[in-house]
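Here are a few exercises to work through with the model open in your viewer. Try each task before you read its solution.

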Amino acid sequence: MKIDFEKSTIADLHLHSRFSRACSKNITIPELVKWARVKGIGVLGTSDFTHPVWMEEIKKYLKPNGKGFYYYEDKKGRFDFIISGEISLMYTQERGRRIHLVLLLPSIEIAEKINEYFDTKGRRDYDGRPIFKIPGDEFVKDMMKISKDIEIIPAHIWTPWFGVFGSRSGFDSLKECFKDEMKNIHSIETGMSSDPAMNWRIKELEDIAIVSFSDSHSFWPWRLGREATIFNKTDSYNGIIKQIRKNSFIGTIETDPGYGIYHYDGHRDCDFSCSPEETKKLEGICPKCKRPLTIGVENRVEELATSELGIKHKNSKPFFKLLPLHEIISLCFGGGINTKKIWGVYKNLIEIFGTEFNILLNVDEEEFLKNNVDKKLIGLILKNREGRIKVKPGYDGVYGKPVLEK
């Protein structure tokens, strides 16, 4: 299945500014636009609308198109954004609860109303992803009072500490978190350590749209758009939100779940990881430090799954399991993904074929050969397109690693 870029838009609506913790200090809106174009992304989320300084930059660089999109304009033309951000809710309700939520907003005016609301709850100037002691259901109810057009998406729902299904979040279901406000939750974000097929196993998600975004902490193309959602072409906020709420978008782009930093169980400090089966044998205890292991996504999915792997529903969307092109080049030639050698190959491919997503998804073998692309690299790109590159699973904050099978 090739992607028709004339009729579709690839969107990455969950990322961060330089004001969020552990993010690149070089993130600016022009840099995000530059690399989104190289990647082949058509719409970005602004991220971090709650941060006062970043919001001033949003207002400085972006202009409204009158339909809920905000655009950056330079010599290369216009590039579209949606006002977005991520917040953390940490509160006690019988026991400790913690969730991250992605917010998509129809306008800067609505963003300012939400920021006024947050100012009654606590500070928002210390981090691009601020923390508030607001229960999930109460928060959704309050957002709907501000605007029914606000889209609230539970973020990376399986990650241990802040995913709503995470092993340490305090919840076992969306209903437990959002109660009567479940009617206003239309989608969930897979996160890097899970893919749609894993989420289809959960009965509660059968009628929920499954979207994917990068949660990128930099503008580099091996982070930006590493996960994304493919929408039917639109020039409006409502055009995007309608597709989410009606589950009518085209599909998603996912990394191999093993590439994510929480797929397997383990301890980063102990340099130890293991499968759910091994964890069971160890009774959940790290053999090195004798403390409880951080339980990863695969284990947690198995715990909550109501169906076997392989089930599909009538609303299930196709998805592409892809590793970033830098990773594929690095796997082929050796060396770190940010080395001069890897960048040289990458830039040459972009000059020939236009965008990274075009290379990863559309360019056929004959066209690669016609342009003298290394045959081993062609093989890996095509294998990547089929989701057949083996990945040593990540765990407890450590990225998974693609490996060449002998």
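**Exercise 1.** Find the partner of Lys59 in a salt bridge, and work out which elements the pair links.

*Solution.* Start with the rule: a salt bridge needs a side-chain nitrogen of Lys or Arg within 4 Å of a carboxyl oxygen of Asp or Glu. Lys59 meets that with Glu112, whose closest O atom is 2.5 Å from the closest N atom of the lysine. Helices here are DSSP runs (H or I, at least four residues) and strands are E runs of at least two, numbered from the N terminus. Before going on, note that this is a predicted model: local features need pLDDT of at least 70, side-chain atom pairs count only at pLDDT 80 or more, and totals for chains, interfaces and linings use all residues. Residues are numbered from 1 along each chain as its sequence is written, and side-chain values use heavy atoms, leaving out hydrogens and water.

**Exercise 2.** Is Arg97 buried or exposed, and which residue does Arg97 pair with in a salt bridge?

*Solution.* First, the cut-offs: buried is under 20% relative accessible area, exposed is over 50%, and partly exposed lies in between (1.4 Å probe, protein chains only). Arg97 has a relative accessible area of 4%, so Arg97 is buried. The partner is Glu176, with the closest N and O atoms 2.9 Å apart. Arg97 belongs to strand E6 (residues 95–105) and Glu176 to helix H5 (residues 174–178), 79 residues apart. At 25%, Glu176 counts as partly exposed.

**Exercise 3.** Classify both ends of the salt bridge between Glu151 and Arg245.

*Solution.* The closest N and O atoms are 2.6 Å apart. Glu151, in strand E8 (residues 151–154), lies 94 residues from Arg245 in helix H7 (residues 237–245). With 0% relative accessibility, Glu151 is buried; Arg245, at 31%, is partly exposed. While you're at it, look at shared partners: they join Glu94, Arg95, Arg97 and Glu176 into one network.
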